[in-house]
Amino acid sequence: MRDVNLTVPDYPYGSPCWVDLLVSDVRRAKTFYGELFGWQWLAGDPATGGYTMALLDGHPVAGISSKPDGAPVRSQWTTYLRVGDIEVAERAINTYGGRTLGRPVAIGALSRTLIAVDPGGSYFGVWEPGDLPGSGVLDEPGSLTWNELLTRDFDRVQTFQLAVFGHEFTDETEPGGPRWATAHTGDGNPAFGLAEIDDEWPREIPPHWVASFATHDVVPGLDRALELGATLLQGPFDGPYGVGAVLSGPEGEVFSLLVPDLA
């Protein structure tokens, strides 16, 4: 950890603070995202329990791990929500309709984590910070800038998020469109978007989180991603938090490129 800058933004309770990628072919994923975002890779060592991190100018911005053979979960980006006590969060998740998968796991001294499923069926992570409170950079090209949860159980998920993480929601649904809301942390800042998957979506699309990575310009970023083997799923479009495009990576994992609206 000698060359890693662990100075990070202040993440309030319940805010998305970290993302990591679960894939079968770690080498291919490292090549793809390294070339797309300019990430360098810090190989896992005993101090982090073997966990590999992506670095952007020396700042940790994401993690990557190998999916075990035969694992029932798909290749995906996982969004982690910050908590103070992971055991308290674990009990709350199970009490209010979610389901935790396994027990909390320590990433060395960096953090303790837990994977869970919300009442709508979407996977997410819980992050109790140790030496690493979260991503060391936000809103800069190649770093996390926004997260969005797409669900078919809009009301249940809102209730769950409020009970477990204290998220209040502001409805921003456009006339005639599917329901959409912004979750806010206790300090009033926007935390993530909540979008309803309505009947116009194909039934095979599961509920899921989308991690959005910042770019200066969507079109060149999109072109480069497609050259590297990504697939365009949606966009480019002008959304409530910037101009973006949704893609899938080498193993079908969904992510987004976004020019953040920081005004």
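Colleague: Are Phe 169 and Phe 192 buried or exposed?

Modeller: Phe 169 is buried, and Phe 192 is buried as well; buried means under 20% relative accessible area, exposed over 50%, and partly exposed in between, with a 1.4 Å probe and protein chains only. This is a predicted model, in which local features need pLDDT of at least 70 and side-chain atom pairs count only at pLDDT 80 or more, while totals for chains, interfaces and linings use all residues. Residues are numbered from 1 along each chain as its sequence is written, and side-chain values use heavy atoms, with hydrogens and water left out.

Colleague: How many aromatic pairs are there in the whole structure?

Modeller: A search of the whole structure gives 21 aromatic pairs. Rings of Phe, Tyr and Trp (its six-membered ring) pair if their centres lie within 6.5 Å; planes under 30 degrees apart count as stacked, over 60 as edge-to-face and the rest as tilted. One of the pairs is Phe 37 with Trp 39, which is tilted because the planes stand at 40°, with the ring centres 5.0 Å apart. Phe 37 counts as buried at 10% relative accessibility, and Trp 39 counts as buried at 5%.

Colleague: And what is the geometry of Phe 169 and Phe 192?

Modeller: Their ring centres are 6.2 Å apart and the planes stand at 75°, so this pair is edge-to-face. The pair links distant parts of the chain, with Phe 169 in strand β10 (residues 168–171) and Phe 192 in strand β12 (residues 190–196), 23 residues apart. Helices (H or I, at least four residues) and strands (E, at least two) are DSSP runs, numbered from the N terminus.

Colleague: Which residues do ring pairs link into a cluster?

Modeller: The cluster consists of Phe 32, Tyr 33, Phe 37, Trp 39, Trp 41, Trp 77, Phe 213 and Phe 255.

Colleague: Changing topic to the sheet: what is the strand order?

Modeller: Eight strands form an open sheet with mixed pairing, in the order β2-β3-β4-β1-β5-β8-β7-β6. Two strands pair if DSSP finds at least two bridges between them. At the edges stand β2 (40–42) and β6 (99–107), each with a single partner strand, so one side of each has no neighbour in the sheet. From one strand to the next, the twist averages 30°; axes are lines fitted to C-alpha atoms, for helices over the stretch in contact, and angles run from 0 to 180 degrees between N-to-C directions.

Colleague: How many bridges join β3 to β4?

Modeller: Five bridges join β3 (residues 52–56) to β4 (residues 59–66), and these strands run antiparallel. Thr 52 has Ile 64 of β4 as its bridge partner. Met 53 also has its place in β3, and Met 53 is buried, with a relative accessible area of 1%.

Colleague: Where does helix α2 lie?

Modeller: Helix α2 (residues 86–95) lies across β6, β7 (111–117) and β8 (123–129), and runs at about 170° to β6. Its buried residues are Ile 86, Ala 89, Glu 90, Ala 92 and Ile 93. The buried residues of α2 pack against β6, β7, β8 and α3 (154–165), where contact means heavy atoms within 4.5 Å.

Colleague: What is found at the start of α2, and what follows the helix?

Modeller: At the start of α2, a side-chain oxygen of Asp 85 comes to within 3.0 Å of the backbone nitrogen of Glu 87. Gly 97 follows α2 and has a positive phi, near 105°.

Colleague: How many salt bridges does the structure hold?

Modeller: The structure holds eight salt bridges, a salt bridge being a side-chain nitrogen of Lys or Arg within 4 Å of a carboxyl oxygen of Asp or Glu. Among them, Arg 179 pairs with Glu 196, with the closest N and O atoms 3.0 Å apart. Arg 179 is in the loop between β10 and β11 (180–184) and Glu 196 is in strand β12, 17 residues apart. Arg 179 counts as partly exposed at 30% relative accessibility, whereas Glu 196 is buried, with a relative accessible area of 18%.

Colleague: Which residues are linked in a network of salt bridges?

Modeller: Glu 35, Arg 224 and Glu 227 are linked in such a network. The side chains of Arg 224 and Glu 227 meet at 3.2 Å, N to O. Arg 224 and Glu 227 are separated by about one helical turn, because they are three residues apart in helix α4 (residues 218–227).

Terms used. A polar contact is a pair of N or O atoms within 3.5 Å; within protein, one must be able to donate a hydrogen and the other to accept it, and residues adjacent in sequence count only if both atoms are side-chain atoms.
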